[in-house]
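Trainee: I have not looked at this structure before. Could we go through it by question and answer?

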Amino acid sequence: MSSVSAPSLFLSEIRTIFRRWRHLSILAVLAGVPILLAVAVRLTTSPESGQGPPLLDQVTNNGLFVGLSALVICIPFFLPLSIGVVAGDTIAGEASLGTIRYLLVAPSGRSRLLLIKYLSTVVFCLVATLTVVVVGALVGWALFGAEDVVLLSGDTITTADAVVRAVLMAGYVTVSLAGFAAIGLFVSTITEVPVGAMAATVTTAIAAQVAGSIPQLSWLHPWLFTDKWLDVADLLRNPIAWASFGDNLLLQGGYILVFGALAWARFTTKDVLA
Amino acid sequence: MTDLAIHTRSLTKRYGSQTAVNAIDLAVPTGAVYGFLGPNGSGKTTTIRVLLGLAGATSGDAELLGSAMPRGARAVLPRVGALVEGPAFYPFLSGTANLARLDAANPGAPTRTRRTRIRTALERVGLSNAANKRVKAYSLGMKQRLGLAAALLMPRDLLVLDEPTNGLDPQGTREVRGLIRGLAGDGATIFVSSHLLAEIEQVCTHVGVMSAGRLVAQGTLASLGGEGGRVRVDTPDARGAAAVLSGLGLGDPRVEADVVHVTTERLGSATDGGVAAEDIVAALVAAGVRVRGFTVEHASLEDRFVELTGEGFDVVR
């Protein structure tokens, strides 16, 4: 019986997430980033290289790069903010509405509810990332066309190959955010105030990136969940530098395990008084 | 043992230094409508939270429909409908969508019949016309009804209703009483908490009274009403009547012109040491007292309630 209707609550969770104006406006803001970027690049003649991977220079060569550049722009702040809002809301939001007690009495089961909450947050990560990439690709296509792509390594690949790489990059960023989402899930189990959980979650991402930018803390860097976030650009080399993909997977997997376990230990034993 | 739908042994719940529920032994017989009474802050909701596995007991144990809680939650809770500390819903979803979500959370609820069951539940609580409105636009009474609808989504063996009439208008309150009678008629056990006695008195078969975390009384409604009450005799022979009443050991009668009153703790039947009303009349007549009117008022549950929980308006703790 339970196996038949198990996806039921998951689907309901997904539907609930995407029915909230708050979450839809987050996606709208994320979609705005590549649009803004493409229009700005189109209107100015020679974009200058800034920090991060030199993607902006490539934008005019191929529309696909709009999405990828926008993704890199969103990684340090916009994406963590978006995911922090959703992940921080998971348990704390239900607690503040009081709906958590009715879900548990239904009975959703505490572990099952936690797992579903986490998985649906990861789905939101994927949708958020794809929103940037897909909107970027479409706008780029419209404004710059889709010729063969010159990679960071100097090689040229076809548009089809570029699409595959765009999907890979979206996957990479989703994995990057999955570890962060686990932190948000844990924070969400320790409070009944969703805004507090959201703020605390976003703060961890900012703090980790600040720590990551201090050279004296280099011993700490490999342990920061943000450490591999910008290595997404390695997917634009030829051949693809798979090592960073694997390293990132391992790092995020560690965070998912640790914070998932903490969230589980906390949520399965706490008194639900909301 | 299994003929108790809810059974707790020495159930205790402490929050820090405060003992919210103090060693209570609830015994709710299967098929009963059990009124769980007590003033605000007496531990009713905490007890319900522990019963439903939302909070863990500090000591003692609780059984729901024969399974230990919270261990048996997965197996037992699908058979239990509950309203805990007021309704809670997603304000941005419609009544129907809210119920669909709660139903989806129950692994024992078949997806196939969901739509029909939701419609029936909404009909039962009179919300059909507001089914597609967002809960944001619901009044407190409507939310309360929606909460009841959620408890009725599946056929239940036990309903735990915490203050189900809170926020309802008089008609709504009547309907809830009707609903409780109907559910009890279908064979469900109903555990209903309230601080409003009048609402409960009319539908309950059993009553438990909480005061400051302790269960101070428990039993059938009749047994809790007790032997206390008032006897009033209208008679021109007031003095003779007073003599008979005190002779029966009913206490110290008060005489006012043609009326004699006595307040007593000994009403009941001769078998349990009390004095039956018919025996009082026989004694009066035998003594030649001309009886024009005779009234026996058993102490109301409210008198008993106040007696057990204290008069004060202040929250005890």
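Trainee: Among contacts in chain A between residues at least 6 apart in sequence, what share join residues at least 24 apart?
Mentor: The model is a predicted one. Two residues count as in contact if their C-beta atoms, placed from the backbone, lie within 7 Å. Take the contacts in chain A whose residues are at least 6 apart in sequence; the share joining residues at least 24 apart is 80%.

Trainee: Which pattern does chain A follow along the sequence?
Mentor: Chain A has ten helices and two strands. Read along the sequence, they give the pattern α-α-α-α-α-α-α-β-β-α-α-α.

Trainee: Why is chain A said to be as compact as a globular protein of its length?
Mentor: For 274 residues the globule rule gives 19 Å. Chain A is as compact as a globular protein of that length because its radius of gyration is close to that value, at 20 Å.

Trainee: What percentage of the residues in chain A is buried?
Mentor: A residue is buried if 20 or more other C-beta atoms lie within 10 Å of its own. Of the 274 residues in chain A, the buried ones make up 46%.

Trainee: Which element supplies the largest share of the side of chain A that touches chain B?
Mentor: Here 25 residues of chain A are in contact with 26 residues of chain B. Helix H1 (2-17) and helix H6 (99-105) of chain A each supply at least two residues of that side. The largest share is seven residues, and its source is H1(A).

Trainee: How many residues of the side of chain A that touches chain B are charged?
Mentor: By class, that side of chain A has twelve nonpolar and nine polar residues. The charged residues there number four.

Technical notes. Residues are numbered from 1 along each chain as its sequence is written. Chains are lettered from A and ligands numbered from 1 in the order in which they are written. This is a predicted model: local features need pLDDT of at least 70, side-chain atom pairs count only at pLDDT 80 or more; totals for chains, interfaces and linings use all residues. Helices (H or I, at least four residues) and strands (E, at least two) are DSSP runs, numbered from the N terminus. The radius of gyration is taken over C-alpha atoms; the globule rule is 2.2 Å times the number of residues to the power 0.38. A residue is buried if 20 or more other C-beta atoms lie within 10 Å of its own, exposed if 12 or fewer, and partly exposed in between; C-beta atoms are placed from the backbone. Ala, Val, Leu, Ile, Met, Phe, Trp, Tyr, Cys and Pro count as nonpolar, Asp, Glu, Lys and Arg as charged, and the others, Gly among them, as polar.
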